Amino acid sequence: MSVLQIIWFCVVALLFAVFLLLEGFDFGVGMATRFMAENDTERQLYLRSIGPHWDGNEVWLITAGGAMFAAFPMWYASLFSGYYIPLFLVLVALILRGVSFEFASHALTVRERSLWQWANFVGSMFAPFFLGMMLTSLIQGVPMDAQGNAWLGFFDIVNGLSVVGGIAVVYFSLLHGLHFLSLKLEKDHARHMLNASSKLYWIAYPALVAFVVLALIFTDFYRVHSITTWLITAIILASTIYGHYSAVKDDGVSAFISSGVTLVGIIAFIFNGMFPRVMVSAGGVHDLLVKDASASPLTLEIMTGVLCVLLPIVLGYIIWSYVMQRGRVSTQTLEHSPYVG
Amino acid sequence: MNILGLSRFQFAMTTIFHFFYVPLSIGLALCVAVMETIYVFKKDEIYLKMARFWGKIFLLSFAVGVVTGIIQEFQFGMNWSNYSRFMGDIFGAPLAIEALLAFFLESVFIGAWMFTWNRFKPGIHAMFMWLTCLGSILSAIWILAANSFMQHPTGFEIDTKTGHVRLRNFWDVLGNPQLWRQFPHVLFAAVLTGAMVILGMAAFGLLHKKTQSSESDRVFYTKSVRFSAVVALIGAILSIYAGDLQTQFVVHDQPMKFAATEALYKDSGDPASWSVISLINEKDKTSHGIEVPYMLSLLTYHQTTGSVKGMNTINKELHAKYDSKFGKDMNYYVPVNVLFWSFRFMAAVGFAAALVSILALWGTRKNKNTLYKTKWLLWIIGVCTFLPFIGNTGGWLITELGRYPWLVYGMLTIADGVSPTATVPSLFFTNLVYFLLFLVIGAVMITYSRRVLYQGPDGDGKIPARKGSLISDVESEQSKLANRSVSLA
């Protein structure tokens, strides 16, 4: 295993983590349009709060997929072809959600707009669900052949751990979205969000226990990487407790950071546990390893150069866009700075 | 249907649908950026109005382009996993760079452009659209770099252990001659597409009853017609020119593709004559066309002499070249009917677009602007809104089907690239869902574009103008209640 291979494994993990960190709250906001909003105006307000950013946030997923393809073609091929149906459902969810922002702005009636808001809600819920399900199914070990093809049956994809995993990603995205809204909406709304979040957090504890127990049984993570896996588990738990505490204390910033850490922690848990494998095979016979799955050293070198040059620039203007669009959105925002005009 | 057929159908469907919106978005982004820039320099309000109005059509197109684009990146792995394994070392990097360099740029700055009309100086705001446009053009370069390798592999070596392609020289991959002939053609076709859609929609706008009675709307659409007709004319001429350059390359590089676009089974005479239309029998390998003497020599070599090799000869050559590696049973004939007609439709679209643009400019000339009264011409221009999509699809079909039977030219067959884990039921399911989804999205896209058009240039922007007139009172009642509940909470 070369240094570059390890670096690129970390880069792919990092890109997925940033994706979930940023798009996580977009998903959460989309879900909140049904769980929290009481009328059309509020729904518009919620979606307006992520309006300028959601598309850029989604690009992190595309970059993660592209980086995986470039740096680990064997991994990309095995994972994407093996999880054909779950990924297809992710795509459908992302399509429904992706068009809904633009289409909703052309609706003439509340009913018509509500159709696209529903599309957004459904997409925002199912995209993280199937992604979470895929990742937590993978770590249990899946049937693979010597060529690296994953032959997944229904119960390889849908089982106790993967369902809990999928729900966990959805659920923490929702909390993350509520915390984001608490920072982007006016004070009264904000309090409402944190209030809901502080209640919702009670479900997190049994869910985390269930997740850890199932992971102890169905993955080898706590054996293979016991120290780091327990450490990450502790971080997930600590960030959950602190997020809960912050929500109760009405501290939106801390709550938002905490739920972000939790989401990153989930990705860290998965990638840390898999290493040095990229695909965990059932019985460990045909594991796909970092050292075998990667592209050539030359490609990795070129991609490293490209990343070092482009990533700082990209981060620069992304941060600029968040700073430039900071501030809380209100019904006045909807009127004064609507979609195009 | 088998796995291969369903996978190919799915790829064709998702890519063609995506490629409706890609050139449209690039072209519209460019037009809107130019409009806004003219406003910055000339301070003429009508250009601002144009940028805002046509910007709405751009945003619709961009939204659908984005969501159909994610499919593209995923499906190489999902449906073509063996291809991804074989080609990953070359193909993955351009895709990753495309995301880093292009997708972030366009998505972040379109987000800035949409919401900051009243927050920045016009010059800076126009810059956002230029950056979006730059992003979309960069994206085209990188995806075409990946595609060009499939057409004309360069800068690689074969890994002796795995048999996969391995990168040898990145600059050779980027400097692929195929890329620098394909990219200009695609880019100018995109310019043509964006401008043609504005031109056609503006013609429909002029036909609309409301416009006939509103002087300001008439001025607006007439200005849009003149602007887009100029851009469309430039786009048409340049894309025809770039297409010619590309053809010069294809004649030598992929002679089978070229011969098929001319339905030449037997070697042509010298000088070669060109079939305007032809009755083609792919089974018996015969074609009977209406021929124009000298024309094919002129088109191919830009001179009155020179013969062109027919498919039968090329087929023999390909067998001689590849039989040792791929066996005698390979079929090297491409789908001739599709290529022949795609080429003619594409070329016809290019020339028709140029002609229509000239007519539109003539109809709106300064001293005698009669276009808004010339209903038959407006109808013709209006229908032309849809022309570029036919041309773009035709061009794409020639490029991709003309590659048959290769996925990567001379190296990997289509049949060898498909995912071994794919199943007929799952492919059938995904094909069906994509099809229905695209049908709905396409219909909504057209409906909403029409709606934008008929709301007119003044029906934009401020919420009351967009909502108040049309939304029932229930809505305002609801928002009052919302405000009340908020203040109570």
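Student: Is S173(A) buried or exposed?

Tutor: S173(A) counts as buried, because its relative accessibility is 0% and the cut-off for buried is under 20%. Keep in mind that this is a predicted model.

Student: OK, and which helix is S173(A) in?

Tutor: That would be helix 8 of chain A, which covers residues 160-184.

Student: What does S173(A) touch, leaving out residues up to four places away in sequence?

Tutor: The list is G24(A), F25(A), F27(A), G28(A), M31(A), P128(A) and L263(A).

Student: Switching to chain B. How many helices and strands there?

Tutor: Chain B has 18 helices and six strands.

Student: How much of chain B is buried?

Tutor: 60% of its 489 residues count as buried. As for the surface, chain B exposes about 19,900 Å², with carbon and sulfur atoms supplying 67% of that.

Student: What share of the contacts in chain B with a separation of 6 or more comes from residues 24 or more positions apart?

Tutor: Those pairs account for 77%.

Student: Last one, charges. How far apart are the mean positions of the positive and negative ones in chain B?

Tutor: They're 9 Å apart, for 41 positive and 30 negative charges.

Key
Residues are numbered from 1 along each chain as its sequence is written. Chains are lettered from A and ligands numbered from 1 in the order in which they are written. This is a predicted model: local features need pLDDT of at least 70, side-chain atom pairs count only at pLDDT 80 or more; totals for chains, interfaces and linings use all residues. Side-chain values use heavy atoms; hydrogens and water are left out. Helices (H or I, at least four residues) and strands (E, at least two) are DSSP runs, numbered from the N terminus. Buried means under 20% relative accessible area, exposed over 50%, partly exposed in between (1.4 Å probe, protein chains only). Contact means heavy atoms within 4.5 Å. Accessible areas come from the Shrake-Rupley method with a 1.4 Å probe; for residues, only the protein chains shown count as cover. Lys and Arg count as positive and Asp and Glu as negative; His and the chain ends are not counted. The place of a charge is taken as NZ of Lys, CZ of Arg, CG of Asp or CD of Glu.
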